[in-house]
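Welcome! Try each task with the picture open, and then read the solution.

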Amino acid sequence: MNPTKRRFLVYGGAAVVALGFGLLRASQTRAVGGEGIEHKIMTVAEMQAEGGLIVDIRTPEEWADTGVIEGAELVTFEGADSFLAEVGPKLSEGQDLILICRSGNRTARAAQALAGKLPNRIVSIDGGMKAQIASGYRPVAVN
């Protein structure tokens, strides 16, 4: 193989790898459905380090079944107004509201319902508790 062709293949391959990595990172954080809403893949450690208010919006039966994230608020999402009445006083100005459910579907819908009702950024955790447990996180039992 001549040197020019080899150089083209090496640089072209590196560009493809870099593009693929960029697309992977872009898929991990995506703003969808409105201002102030993000759908992200995050570990529990990343959620806790970010300092947001972590709220598990599943049902009490689900909390008992799998356990919960230590320190998370447990508030079943039944509607934006009732949810904000309970969670709003616990949310500091500028603090992210981090929502987690079983798989990420309910948090996406809850984030949509909450959009525009509070000035805080809303983070919907893609993959939910299923992804956290699959990655090795050990939830704590509900007291």
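**Exercise 1: An aromatic pair**

Phe83 is buried, because its relative accessible area is 1% and buried means under 20% (exposed is over 50%, partly exposed in between, with a 1.4 Å probe and protein chains only). This is a predicted model, in which local features need pLDDT of at least 70 and side-chain atom pairs count only at pLDDT 80 or more, while totals for chains, interfaces and linings use all residues. Residues are numbered from 1 along each chain as its sequence is written, and side-chain values use heavy atoms, with hydrogens and water left out.

Task: Which arrangement do the rings of Phe77 and Phe83 have?

Solution. 
- Step 1. Rings of Phe, Tyr and Trp (its six-membered ring) pair if their centres lie within 6.5 Å; planes under 30 degrees apart are stacked, over 60 edge-to-face, and the rest tilted.
- Step 2. By this rule the count is one aromatic pair.
- Step 3. The ring centres of Phe77 and Phe83 are 5.1 Å apart and the planes stand at 55°, so the pair is tilted.

**Exercise 2: Two helices and their faces**

Task: Find which residues of α4 are buried, and what they pack against.

Solution. 
- Step 1. Helices (H or I, at least four residues) and strands (E, at least two) are DSSP runs, numbered from the N terminus.
- Step 2. Ala80, Phe83, Leu84 and Val87 are the buried residues in α4.
- Step 3. They cover an arc of only 95° around the axis, which puts them on the same side of α4; the arc is that of the directions from the helix axis to the C-beta atoms.
- Step 4. Asp81 and Ala85, on the other side of α4, are exposed.
- Step 5. β3, β5 and α5 are what the buried residues of α4 pack against, where contact means heavy atoms within 4.5 Å.

Solution. 
- Step 1. Helix α5 spans residues 105-114, with Thr107, Ala110, Ala111 and Leu114 buried.
- Step 2. Seen down the axis, the buried residues of α5 fall within an arc of 105°, so they line one face of the helix.
- Step 3. Asn105 and Arg109 are exposed on the other side of α5.
- Step 4. The cover over the buried residues of α5 includes β2, α4 (80-87), β5 (97-100) and β6 (122-125).

**Exercise 3: The nonpolar core**

Task: How many residues does the largest nonpolar core have, and which element supplies its largest share?

Solution. 
- Step 1. A nonpolar core is a set of buried Ala, Val, Leu, Ile, Met, Phe, Trp, Tyr and Cys residues joined through side-chain atoms within 4.5 Å.
- Step 2. The largest one has 18 residues, and Val55, Phe83, Leu97, Leu99 and Leu114 have the most contacts inside it.
- Step 3. The largest share of this core, four residues, comes from α4.
- Step 4. Leaving out residues up to four places away in sequence, Leu114 touches Phe77, Ala80, Phe83, Leu84, Leu97, Leu99 and Ile122.
- Step 5. A second, separate core has 12 residues, including Met47, Ile100, Val123 and Met129.

**Exercise 4: A buried arginine**

Task: Is Arg58 buried or exposed, and which side chain at 2.7 Å makes a polar contact with its side chain?

Solution. 
- Step 1. Arg58 sits in the loop between β3 (53-56) and α3 (60-66).
- Step 2. With a relative accessible area of 2%, Arg58 is buried.
- Step 3. A polar contact is a pair of N or O atoms within 3.5 Å; within protein, one must be able to donate a hydrogen and the other to accept it, and residues adjacent in sequence count only if both atoms are side-chain atoms.
- Step 4. The side chain of Arg58 makes such a contact with the side chain of Thr66 (2.7 Å), and another with that of Asp56 (2.8 Å).
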